[in-house]
Amino acid sequence: MKTAVFWGCCILADQLGYEMSVRETFPKLDLELVDLRESVCCGDPVKSINDFAANYLGARVLALANQTGLHDLFVPCNRCHFTISEAMNTMSQNQKAGRKIRELLKEEELEYNPGVKVWHTIDLLHDCMGLQKVKKAVEKPLKGLKVASHVGCQIIRYSDLGRVDDAENPSKLDELIRALGAEAIDYPEKLDCCGSALMHSHIDSALSLAGSKLKALQALNVDGMVVSCPDCGLMFDTRQKDTATIVGIKLNVPVLYYTQLLGIALGIDEKKLGLHLNQSPIDHLLAKISA
Amino acid sequence: MTKIGVYVCHCGLNIAGTVDVENVTEYAKGLPDVTVARHYTYMCSEPGQRMIQDDIKSHKLDRIVIATCSPRMHEETFRRAVAETGLNPYLVEIVNLREHVSWAHTHEPEKATEKAKDLVRMGVARARLLEPLEKRKVKVEKSVLVVGGGIAGMQASLDLANAGFKVYLVEKSPSIGGRMAQLDKTFPTLDCSACILTPKMVDVAKHRNITLLTNAEVTDVKGFVGNYEVSILKKPRYVDAKKCVGCELCTKACPVKIPDKFNENLTEKRAIYIYSAHAVPKIAVIDPDGCLRLKTKKGNVCGKCQEVCEAKAIAFEQEPETIRVKVGGVVVAVGSEVFDASRMAELGYGRFKNVISNIEFERISDASGPTGGKIRSLYSGKVPKSIVFVQCVGSRDKRFHAYCCRVGCMVTLKQAILAREKILEDVRIYVCYIDLRAFGKGYDEFYSRARDMDIDFVAGIPSEIHCSPNGSLYFDVYDKGTNKLLEMHADMVVLGTGLVPNADLERISSLFHASRSADGFLLEAHPKLRPLESAVAGIFLAGACQGPKDIPDTVAQASGAAAKAIDLLSSGEIELEPLKAVVDKDLCSGCKICESICPFIAIEMKTEPGKDKEKSRAEVIEAMCQGCGLCSSACPTGAIKIQQFSNPQVLTQVQAALAEAKPKGGK
Amino acid sequence: MSLTDLMTMATPNLESREKILARLCGRDLVNCFQCIKCTSGCTALKLLELRPHEIVKLVNLGFVDELASSDIIWTCATCLKCVQRCPQKASPYHVIVALRNLAVEREAKVPEGYLKAVSQILETGLAEPCRKIVTRKMETVDRECLGLPKVCNPKESFQAVFMKAMEEKP
């Protein structure tokens, strides 16, 4: 299946492990990615400044996708997926705003197409490709690996907007983990937020939120934590040391993207999956898998 | 030559305050065929009515136009006054100068007066074409079907039976008693529910006018008000009701366990069982899906119950039986269900064993329940050290049911008080609420009592509930009163789950043609003035099936519904208003459009023997027809018309309305 | 005046409230009956004292101006739990976004992080610049040496149109 892909800002900026692992694993699942003509923001940080402009940016991404002629757009970031979904909602519910946005897009000879289906990593793999396909592609089942999934906030809420999984009992990421042979555990803090939105203004609080969740998982002795959004990855992996400082304990939780874990199970080389870029103690996790 | 009398009412200042009634009366005098025109302060009063009667006699008037308030107020009154003089009461035309003129145009008196004149002119035009009509009488059955054997159904049955009516009480489970039988105590008196209920249950069973049909359901309803023909399916008990003595030797012998519905599936019972400790009738019943012999349909399997039964009452060969009864009216009293809290996943019901619903708590508190009336965790068996009640679960929630369940607050107060009374050890009891509604007689006093018993109230509800490894629960809740974020720990969380419409209400609704309101419950004929009946004549509503309510309101409504039914049927016949549809069979082409369009199922297609062998023609069932006019406007041949609303009668008003219209400028 | 807050002597400003309602496209998102569920589960409550129910109530009563120039509206973590669980389908999150937009319009205090992001977008199309990364083994890498495709900035036309979009007021 051929799909356009919109990476957003965070992935391109420094969450390269996510991009690398997606580019490596997707062809093994018969997914072909087509980049958009340009890299541009979905509008997420603009929401707080001018919600209309944010909707315009979100609609613009879909217009760019429309230009590729493809009917599917893969959006690996939770926040981009949410921002684009709200933009689509505005286009269909708010006639006035919709008209203005179309006019603005026209100035760049872009056209909004509501027919483009927007996917996230979770539903693209779980619903579209299917668990069977993932299972079949697995070469190195991750037996005995105890993993905790952090699915995030903006990809499951709010239900009325149409999200990729149930808001109170999200199970798809866990099932994708199990399809790799690993164990996906349930834990009380599962639906807690990573705090990334507060990095614009209240960095310590953001780090404290992420740190609390890591602390709880550490107490459960998980072998690793799986995320599927670059903002969550930034908080739990890239800034883990800073979160540890804020919550006042040493943190050693291996954190990686689902597509990186998938890549390991598919037998792909670590470096190709960008695992050397992860800042959390991935080596522990890799050691356990090799054992 | 017709002689019309026109009477303009002041209605105190209601009409006269805006409309110049003298002017309108003078105008009326000048209309053709108007013999006399008068105005008076209160036409509906005794002197007002006498004025009209005297004029009819002295001037030999044959048509009366009364320009007054809405016909819904006094049309009947004026019809009766005219009928007393011997003039046909359907020769009276009411013109609405209040709701349609003075109340709508209070600030434009000149224009209002002109409009009043127009309406009177139209009324006079119509009056000329009115025809004399007669009410018709239909015989009715002096018997009533009551569907549902809970407190509503039982109360209605007793009232009807005591008034001399034959009652068929149909209950789908093996025993009557309904929800109330599951309760421990009732608010606000803390009466023992079983103690006040069981005498009524026995009265119902013993009453010579009540035929009790348990383990039965209504499957078909035909006919019309006063003459319903109902089919009732008696599901087999597989136990001979005449022989069974309720000794329960069979239940002890049965090897199969099934969930006990009466105990909200908190315990198990055997495949042969007696519904509850105080079941009426106290006869065993076999669950055909649980029983090994009935499930496998093999005659040699198990049969232990049969072995031990000394009364030889087991009857595996029993078949379902359908009976048909004729009744004059129906009281629908099928009750409601409790919201399934697992739909609100964030509260943990269904996932965490110590999060329970209020009906489950009730069974725990009841002496005949799974813990013998002791407040215990069903899973650890321990006495809770803290209990938290969380209100409005599934109610006042646009994601599930937008309405307030009306009883949730009182149920929680009751259960909190019971917990405080029954648990002798130290226990903290909290109620997390949004608004605490204690509106009835003695209710707020009950709330005060709860506060006096060291039950604490937190003004706020939790967003999510978590479970610790030992089964106890914890969550955060913000209290509006103290502005503090509180972390709460509870051994037991009781959810204030609301009452929701029955799952089979859709089937009941279509069986009896009783519509449902937006909230899913059965719809009453008028929310204020006719709360005891549906829009369909002869179908009455009682209890929670019409809307969530507590026991006092249920009993009141049930007795009211019974009184309504008695009112309708006691004389043995009913009078039908003649303002109904009438078919001219010669014009009817048998197209069936009217039959399909009629919302009151008041039109039947009948084939007539003779000339046109296969041709069916429409026939109106007068008792069901409400004179809405849909058929008349849809009929392609003009064969069906509403009495007093024929085309000429309506069009003459239109012509009269436009008679004095001045053409406006323009090319 | 029919209502005065005796702590601050503020009175309701219905015009300001209308500005918020216009951004919310009606009253649905503010139709709150103070069940407090949102605050009970608010991600930003413990650390930053954000009380969503209070924000919504203040807007409903018309006390918008103080909120628009406050710090509290910038503490929301946008976890959307309040939107998900509100029994009246109100949305404190959307109310907060509307207040933030109003704060920007009035040139009140706006955290620098957002302003930085917007100027980045204007310049390069992306909210963040592409960075060099230090691996666990202390090697420095970037997109190019990792073999990832180059980042293409949007054409010049983007800047002007984006500015236009930013000037839109509801």
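A salt bridge here is a side-chain nitrogen of Lys or Arg within 4 Å of a carboxyl oxygen of Asp or Glu. This is a predicted model, where local features need pLDDT of at least 70, side-chain atom pairs count only at pLDDT 80 or more, and totals for chains, interfaces and linings use all residues. Residues are numbered from 1 along each chain as its sequence is written, chains are lettered from A and ligands numbered from 1 in the order in which they are written, and side-chain values use heavy atoms, with hydrogens and water left out.

**Chain A with chain C**

The count between chain C and chain A is 8 salt bridges. The interface also holds 30 residue pairs in polar contact, both residues at pLDDT 80 or more. A polar contact is a pair of N or O atoms within 3.5 Å; within protein, one must be able to donate a hydrogen and the other to accept it, and residues adjacent in sequence count only if both atoms are side-chain atoms.

On the chain C side, the elements that each supply at least two residues touching chain A include α7 (92–105), α8 (112–124) and β1 (133–134). Helices (H or I, at least four residues) and strands (E, at least two) are DSSP runs, numbered from the N terminus. By class, this side of chain C has 37 nonpolar, 12 polar and 13 charged residues. Ala, Val, Leu, Ile, Met, Phe, Trp, Tyr, Cys and Pro count as nonpolar, Asp, Glu, Lys and Arg as charged, and the others, Gly among them, as polar.

**Two interfaces, side by side**

Contact means heavy atoms within 4.5 Å. Buried area is the accessible area (1.4 Å probe) that two parts lose on being put together, summed over both.

| Chains | Residues in contact | Buried area | On carbon and sulfur |
|---|---|---|---|
| C and A | 62 of chain C, 63 of chain A | about 5,500 Å² | 61% |
| B and A | 6 of chain B, 4 of chain A | about 440 Å² | 45% |

Between chain B and chain A the count of salt bridges is 0, and there is 1 residue pair in polar contact. The side of chain B that touches chain A has 2 nonpolar, 1 polar and 3 charged residues.

**The sheet in chain A**

Chain A has an open sheet of 4 strands in the order β2-β1-β3-β4, with parallel pairing. Two strands pair if DSSP finds at least two bridges between them. At the edges sit β2 (32–35) and β4 (117–119), each pairing on one side only. Neighbouring strands are turned by 35° against each other on average, direction ignored.

Strand β3 (residues 72–74) pairs with β4(A) over 3 bridges, and A:Asp72 has A:Lys117 as its bridge partner there. Helix α6 (residues 121–137) of chain A lies across β3 and β4, running at about 105° to β4(A). Axes are lines fitted to C-alpha atoms, for helices over the stretch in contact, and angles run from 0 to 180 degrees between N-to-C directions.

A cis peptide bond joins A:Arg157 and A:Tyr158, with omega about -10°; A:Tyr158 is in the loop between β5 (146–150) and α7 (172–178) of chain A. Another cis peptide bond joins B:Phe187 and B:Pro188, with omega about -5°.
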